[in-house]
Structure formats: C-alpha cells, structure tokens
Amino acid sequence: MNIEQSKQVISGFQPNAVLKGDCVEVMRQFRTCTVDFVLTDPPYLAHYCSRDGRTIANDSDGAWLKPAFVQIFRVLRQDSFCVSFYGWHQADKFITAWREAGFRLAGHLTFTKRYPSAERFLQYQHENAYLLAKGNPPQPTQRIPDVLEWKYSGNKLHPTQKPLCVLTPLIQCFSRPGDLVLDPFCGSGSTLVVAKLQARRFIGIDLNPEYCDIAANRVRSRIA
Ligand SMILES: C[S@@+](CC[C@H](N)C(=O)[O-])C[C@H]1O[C@@H](n2cnc3c(N)ncnc32)[C@H](O)[C@@H]1O
C-alpha cells in the first residue's frame, strides 16, 4: 500500500488495512487525533534471536523509539490509551520516550508465564506492558487486573508472536466496538486479529513485508 492509499485508510475510506513500511514515516501521513486505541509490541532492544535463529528488525538500535512514540501520541485522540509491551532491561529508555512524547504512566501490566523464556540470574518468566494515557481518559466500565496469565502462542508465524488470549482483555477494556485500533509494530498481526474479532476497526504497520503479508492473510482468515 502506498502513501496515498495510507492517507485514504486513515481518512476512513478503507478502515482495515496492513501497511508496509517504517511506522514513523507511515504514521506521519495520518491525521492528528484519529486513532482510538494503540496496542503495540515494539522491538524490546534486546538483540533477540529465537532458538531457530529468527531475529527482529530494529531490535538492536533504538533510533526509532522516540520518533515512533511521538507519532503514536499525535495520532491518538485526546483522552485515550496506548498499551505498549517493552523489555524490562531497557525500561529506562522506554519510559523516557513515552514521557517525552507526552504520555502519562497510568498502570503497569504483568503477564505471568508457566515456563521461563530465558534463564540466567533468574528464571525469566513474565512479560511486561505499560498502560499509557493521553490526557484524562474515562475509567473503563469493567476494569481488568494488572496481573494476567500468559499462554504460549507457539511463535509459528512470528518469533515473538503474542497470544490472542492475552491481547483480548486489553482491547475489550480500553476500546469500544467500532473504535479504530492501531498497532504500528504489528508483526504477524495478532492485535489486528483480536481487533477484528472484537468488532473494532484496525490498522497495522510493519517494516517487514513478509510479516505484513502474514498479518493481512491472518485477518482475512482469522487464523489464531
Ligand atoms: C516484537 S515484534 C511484534 C510481534 C507481534 N506482536 C506479533 O504478535 O506477531 C515487532 C515488530 O516490529 C517490526 N518493526 C521494527 N521496526 C519497525 C518500524 N520502524 N516500523 C514498523 N515496524 C517495525 C518488526 O519487523 C517486528 O515484526
């Protein structure tokens, strides 16, 4: 999808789309305050390499971090939320980027795993995300706990594929049916599948054209 088509997408002509490219550049084409909720899983700046040798683009260099969250903040409508996963060992960089973009830290989510995803000084057995507020969003009608259970996704479509059952309560809690949900680091499109299943509109962006194709196929066929 080219830049002109991206502009149409965000203008509402084509609500559901997966856009290929650098999310900072793509989001610059979006109008301000047009997105209702951002749920995203950016690179953790962890030099990640899966057991089968797959890596994540931009996972070693954080030059994208501040510009991406400046754009996320800009495109979100006033008084709304962003939930962003992040890696614990780079928490300082993420928190600085979020605050400099204008976000207020509104909560912290921990997802407990029954298995360690790595072992060194500890058995690393949880994932993290921050709930970030733009302005003063209203309280959700049904609050969710800030400790939730994780289920292994199998990582077949993407080396760090997020489980749909983990994303579902986040979309249900922080957006409403018909809302526009954005994931600017969408990978295999897990956020987009849940958004579609929950009757939200969605836009996903990824740098890697293969993941964009996987995400687009997935939302067409709702592959879990
Ligand atoms: C942690 S993965 C997301 C995985 C996704 N949650 C899933 O369930 O498949 C982060 C993704 O961000 C993408 N990415 C990295 N830098 C990017 C950028 N500047 N713009 C858009 N996508 C980017 C990578 O290609 C990768 O697929």
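A polar contact is a pair of N or O atoms within 3.5 Å. In this predicted model, a nitrogen atom of the ligand lies 2.8 Å from a polar backbone atom of cysteine 23.

**Ligand site**
- The ligand has 23 residues around it, and those that come nearest are Cys23, Asp41, Ser188, Ser190 and Asp206.
- On its own the ligand has 610 Å² of accessible area, of which the protein covers 98%.
- The shell around the ligand consists of ten nonpolar, nine polar and four charged residues.

**Aspartate 41**
- Aspartate 41 sits in the loop between strand S2 (35–40) and helix H3 (65–75).
- The relative accessible area of aspartate 41 is 16%, so this residue counts as buried, the cut-off being under 20%.
- The side chain of aspartate 41 forms a polar contact of 3.0 Å with the side chain of lysine 162.
- Beyond its neighbours within four places in sequence, aspartate 41 is in contact with Phe85, Thr160, Lys162, Asp183 and Phe185.

**Nonpolar cores**
- The largest nonpolar core contains 33 residues, and Phe30, Trp98, Phe103, Leu182 and Ile205 have the most contacts inside it.
- Helix H3 supplies the largest share of this core, six residues.
- Another core, of 32 residues, lies apart from it and includes Phe81, Val83, Val193 and Cys212.

**Helix H5**
- Helix H5 (residues 164–174) is mostly covered, with nine of its eleven residues buried.
- Among the buried residues of H5 are Leu164, Val166, Leu167, Ile171 and Phe174.

**Residues with positive phi**
- Asparagine 58, a residue other than glycine, has a positive phi near 65°; it is found in the loop between S2 and H3.
- Asparagine 58 has 35% relative accessibility and therefore counts as partly exposed.
- Aspartate 79, in strand S3 (residues 76–86), also has a positive phi, near 60°.
- Because its relative accessibility is 29%, aspartate 79 counts as partly exposed.

Notes: Residues are numbered from 1 along each chain as its sequence is written. This is a predicted model: local features need pLDDT of at least 70, side-chain atom pairs count only at pLDDT 80 or more; totals for chains, interfaces and linings use all residues. Side-chain values use heavy atoms; hydrogens and water are left out. A residue is near a molecule or strand if one of its heavy atoms lies within 4 Å of it. A polar contact is a pair of N or O atoms within 3.5 Å; within protein, one must be able to donate a hydrogen and the other to accept it, and residues adjacent in sequence count only if both atoms are side-chain atoms. Accessible areas come from the Shrake-Rupley method with a 1.4 Å probe; for residues, only the protein chains shown count as cover. Ala, Val, Leu, Ile, Met, Phe, Trp, Tyr, Cys and Pro count as nonpolar, Asp, Glu, Lys and Arg as charged, and the others, Gly among them, as polar. Helices (H or I, at least four residues) and strands (E, at least two) are DSSP runs, numbered from the N terminus. Buried means under 20% relative accessible area, exposed over 50%, partly exposed in between (1.4 Å probe, protein chains only). Contact means heavy atoms within 4.5 Å. A nonpolar core is a set of buried Ala, Val, Leu, Ile, Met, Phe, Trp, Tyr and Cys residues joined through side-chain atoms within 4.5 Å.
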